[in-house]
Amino acid sequence: MRYALQRLGQFILVFLVVTFLVMVITRIGSKDPARDLAGGLVAQEQVDEVRELYRLDEPFVVQYGNWIKNLVTLDFGYSYAQNQSVNDMMKQRLLPSFFIGIWAIFIGLLLAVPTAIYSAYRRDGAFDKTMSTTSFAFLSMPPIVIAVLLSFFIGVKLRWFPVDSNYVALWDNPWQHFRNFILPSFTLGLGLSAVWTRLLRADLINTLQSDFIMLARAKGMSPRRILWVHALRASALSLITSIAIQMGGLIGGAVVAEQFFAMPGIGDRLVFAIQQNDLLVVQAITALLAIVVVAVNLLVDLFYAVIDPRIRHARAIK
Amino acid sequence: MRHRTKRARAASTVGAVIIAFSLIATACGGSDSSDSGGSSDTTAAPVEDVTPVPGGTLIIAGEAEVSNPWTPAAIQCDSYCQLRARAFYDPIAVVGEDREVHGWLAESITANADSTVFTIKVRPGISFTDGTPVDAAAVMYNLNATSGGLLIKPATKDLARNEDGTLVMESIDDMTFTLATGKGGDAASPVAWPTFPYFLTTQLGLVASPKWLEDVKAGTAKPDQPIGSGPFTFVSYAPGDKMVVKKNPAYWMKDKDGVQLPYLDQIEFRVITDSKVRQSALESGDVDLIATSDSNAIKPLSENSSFVWTKQEEYGEVNYLLINLAKKGPLQDRNVRCALGMAVDKVALIDATGAGFLAPAGGMMSPGQEGYLEDNGGPQFDVETAKQMITDYESANGDVKVIYSTTTSATNLLTAQYLQTAWSAIGVDTEVVQIEQSKLISNALTGADDFEAFGWRNHAGIFVDQQNFWWNGNGANPPPQLALNFGRLSDPVIDDLLAKARSEADPEIRRGYAEDINRQFGKECWTLPNSYTKWAVFSKPEVKGIGRTPTPDGTSTARDGAGFPGQVYTHALFKAG
C-alpha cells in the first residue's frame, strides 16, 4: 500500500512537471500567444478577448493554475484554429488513436510471443535464424516504410483493406472496424513485434536454463506447459516493461499511421496543433499523454508483483 | 467571450491560395471537363450518353481543411472549401462555361450606364432549409455580413459604405435591391466597376440563412453546422476528417429534362492532406473523386486509364518568389531581385520538383488570364550576368543574404534546396526556413520580421481586376498591420493601371492594361515567377456529371474551378452503373 501511494505521488509530480514545462515551452515559443490561440488571422479585438479570457498577461504560474483548475472540471479550453472545443476534439479523436494503439500492441504480442517461444525452444535452429533476420529487418524499418509497403500491396494492389481509413466503432460494426484499423495497426504492430520477439527470446533462453525449469523437466512436465506457463511467466518482466515504455513511442508512431492512412486520431492532431501553435490543444494532448504513460508505468510496476512472486516477496521483506 | 459566436478564425492549413481564392478570385481555373487524359482511355464518357441515375453516395477527397466556422464571412476558403460550401450554400451568381456571369440566386444583375450601381433581383420561390425565404433582405444581410469579413473587406474596398460600415444598398421591393460602388467606401465617389458582378460568384456571393447567422451570433446555433439553400443539407462535420451532406429534397433546381437536382443522395467529403495518400485512396477504390495540384500525383494518375482525368489548367495560380519589399535589405534593390531571377533555370527547377509536368512561367498571369504573356520581359537565365550584378551590389553594400521561407512539404524543400544552390552560384547565401503553411501565410499577412522571400502560389483568376487588392499600393499596410498585398508592393505605375483596368468595360483595352502590369512586374522584378500551376480532378469512370451542372437560366453550365481551381459543382454528379 505504501509502495502504491509512493508511486502515486511520483505520478502526480511527473504530471505537474511535464504539463508545466509544456505550457512554458509553448508560451516561450510563441511571439504572441494570444494571437496564436485566437487562430492567427483575426482582428486585434478578438486577440485581446482571447488574451483576457485565458489571462495570458499573467505570470506562467497563474496561467498554469488556471489551466489546472479548468482541467479538474474537464474543461480543456477551445481551439479557435479548429473552431472546436478541445473536449469535442478529444471525443472525436481519442478512440481512433486508442484502438490503433491497442490493436498494434495486440498484433505485436500475437506475432512476438509464439515466435520468441519457438525461437528460444529451438535456439539457433533454422526457424530461430530466419526469425532473427526477419525481426532485424522490421527493427530497421521505420513505420513510414511499413506504411508505404502495406498501403501499396495490401491497399492499392490487392484492395483487401482501405488505405483511406475511417473510424468505425468496434461496437457499431466489428467487421468494418477491423477493416479500417488493420493497416494502421499493422504499421505499428510489426515494429513492436520485432522488438518484443528479440527481447522475449533472450529472456526465455536465460529462463530455460534456470533450475526450476530443469526441475520441471525432470518431473516430466510437458514442454508446452513448461514454455507457455512457467518459462513465459518468468520471462515476461522485460516484455511488460517494454510494453509500458512503448506506450509513449506508440503515440509517435501513431502520427505516421494516422497521417498515412488518414485516420483522424490524436497524434495527427497534435502535430497539426504544434505547427499552428494551437496552444491549448498541445497542452491538452500532452497532458493526456503524460497521464497515459505515467499511469501505465505505475500499473506495470504494481503488476510486477502479481506476476513474479520474487518481487512481491522482496517488497514484503523491505 | 462565447466560443461559438466569437471564434476567431484560424489560419489552419489552407494554402497560400486559400485566402487568395476566396476573396478575389472571381472566375478562373476553368476546367476542360471530361477532357482527354494522357491516353484516350482517360476520356470521360459524354454525360449525354448516360441517363442520370438519382441516388447513391459519393466520397470525395480534398487536400486541405480550412476547419471553418462555415459562416460565409469567416471562412478562409480554398478550393476544397468552395467545393463543399457550394454543396449547401447557393451563390448569388456563378461563372458559366462561356465565362460570363450567370445569376444563380439572382434572377438578374444589371448595372447602370456607368457601372456604378448594380440592381440585383432575387429569384422567387426559394427557401433556406430552415424554412426562411431567400429574398432581397436575406441577400442584403449576407452581403453586409460577408463584406465585413476580415479577409473580404479589402476586396470590397470600392463598394460604398454607410457611416456604420454597412454597404450602401437600397431595397426596391421584396426581391430587388441596389448596391452602389464608392472609392474607398466613399458613396460620394462612385467607381465604375464593370466586372464587379464576378465578385458575386466568389465567397462574397455565398448566401446563408440570416436566421442561422443571427442564431450563431447569439450563440444559440453552431457555426460549423451551416444552413443554406443549396442542393445538399448539412449532416455532420468533423474538422480535419470529414463532412457529410445529404440531398436537399426540396431543392429548387431541375435539370433540362425536369429531373430534380441534385442526383446524389449523399456526399461524404474526406480530408486527405497528403497528395500521395489521396492518390492511393482513389487507386484502392476508397474514394470516388479527388482534386489535386501535385504534379507528382497528377502525372501517374494521368497515365492510368482506370480513371477519368478532368483538367483544370487555365486561369490557375502562379508559383513564384514572393518578396517582402518593405523589409530593409538587399531585396529592396531591383538588381539584386533580378539577379536572383536570372540565377534560376526554370525548366531544370520544374524537372527537379514537378516531374517535368508544369510549364515555366513567363509572367504573373497564367495561361488564359487577362494580361497573359509568354514572356513579360522578366529576368532570363543568365548566371554570369547575375553573378556580376551581385558582385556590383556587394562591393557597395556588403554581402547579400536571403531568408527563404517555405512550407514543410518535401516538394517545397526540394525547391528551396534548388534555389539555395542556384543563388549560391551567384554568390548569395540563403537560409532556408520551413514552417507550417498557415504560419507562412500569417507571417506574410503581418509582415513578420522573418518574412523576406517566400515560395508562394497565388493569383488565379480571369481578369486583372481580381488581382487588384493583392497588388494595389493602397493595400500595402506597414507591418504589423494585416495586408493582403503581402509583398507590400507599392508601384504607382501598377496602381494606375489597376485603377484603369477596374473601370474599363472594353475587354481589349483592359487586356492592354493587364499586359502592361505584367510587363511592369518583369521590368522591376517585383516577384519572380517560376511555373504555372496545373490542377486536375480524377474520378472513377462511373462518376458522371462533372462540369454538367446547368445554370438556372439554361443558357450555359456552371464552370468548375472558376476562381478556385480544383473545385467542382456537385449538383449534377451521379454514379452510373
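**Note on the predicted two-chain model**

1. Start with a helix pair in chain A. Helix α1 (residues 2-28) and helix α4 (residues 60-72) of chain A have axes that come within 10 Å and cross at roughly 125°. That angle makes α1(A) oblique to α4(A). The crossing of α1(A) and α4(A) is right-handed. On the α1(A) side, the contact is made by A:F20, A:M23, A:V24 and A:R27. On the α4(A) side, A:F60, A:Q63, A:Y64 and A:W67 take part. By class, the residues of this contact of α1(A) with α4(A) are six nonpolar, one polar and one charged. Keep in mind throughout that this is a predicted model.

2. Chain A as a whole comes next. Chain A holds 13 helices and two strands. Its C-alpha atoms fill a box of roughly 80 × 60 × 35 Å along the principal axes. Of the 318 residues in chain A, 41% are buried. Take the contacts in chain A between residues at least 6 apart in sequence: 70% of them join residues at least 24 apart.

3. One residue of chain A is worth a look. A:V292 sits in helix α12 (residues 279-307) of chain A. A:V292 has 16 other C-beta atoms within 10 Å, so it counts as partly exposed. Burial would need 20 or more. A:V292 and A:A244 lie 48 residues apart in sequence, yet their C-alpha atoms are 9.6 Å apart in space.

4. Now the contact between the chains. Chain B gives 37 residues to the contact and chain A gives 33 residues. On the side of chain B that touches chain A, α1 (3-6), α6 (275-283) and α12 (437-446) of chain B each supply at least two residues. Which of these elements gives the largest share of that side? α6(B) does, with four residues. By class, the side of chain B that touches chain A has 16 nonpolar, eleven polar and ten charged residues.

5. Chain B has a helix pair to set beside that of point 1. The axes of helix α9 (residues 346-353) and helix α11 (residues 410-424) of chain B come within 9 Å and cross at roughly 145°. The crossing of α9(B) and α11(B) is right-handed. α9(B) brings B:L349, B:A352 and B:T353 to the contact. α11(B) brings B:T411, B:L414, B:T415 and B:Y418. The residues of the contact of α9(B) with α11(B) are four nonpolar and three polar, with no charged residue.

6. Check the loop between α13 (468-471) and α14 (492-503) of chain B, where B:N485 lies. Is B:N485 buried or exposed? B:N485 is buried, because 21 other C-beta atoms lie within 10 Å. Leaving out residues up to four places away in sequence, B:N485 touches B:F469, B:W470, B:W471, B:N472, B:G475 and B:A476. B:A326 is 159 residues from B:N485 along the chain, and their C-alpha atoms are separated by 11 Å. B:P480 also lies in the loop between α13 and α14 of chain B. The peptide bond from B:P479 to B:P480 is cis, with omega near 5°.

7. Another cis peptide bond joins B:L261 and B:P262, with omega about -5°. B:P262 is in the loop between β11 (242-247) and β12 (266-271) of chain B.

8. Two residues of chain B deserve a backbone check. B:R99 is not glycine, but its phi is positive, near 70°. B:R99 lies in the loop between β3 (93-95) and β4 (101-103) of chain B. With 17 C-beta neighbours inside 10 Å, B:R99 is partly exposed. Phi of B:H459 is also positive, near 75°, and this residue is not glycine either. B:H459 lies in the loop between β19 (453-458) and α13 of chain B. B:H459 has 29 other C-beta atoms within 10 Å and is therefore buried.

Terms used: Residues numbered from 1 in each chain as written. Chains lettered and ligands numbered in written order. Predicted model: local features only at pLDDT ≥ 70, side-chain atom pairs only at ≥ 80, totals over all residues. Buried ≥ 20, exposed ≤ 12 C-beta atoms within 10 Å, placed from the backbone. Axes fitted to C-alpha atoms, helices over the stretch in contact; angles between N-to-C directions. Parallel < 35°, antiparallel > 145°, perpendicular 65-115°, else oblique. Left-handed = near helix turned anticlockwise from the far one by under 90°. Contact = placed C-beta atoms within 7 Å. Nonpolar A, V, L, I, M, F, W, Y, C, P; charged D, E, K, R; others polar.
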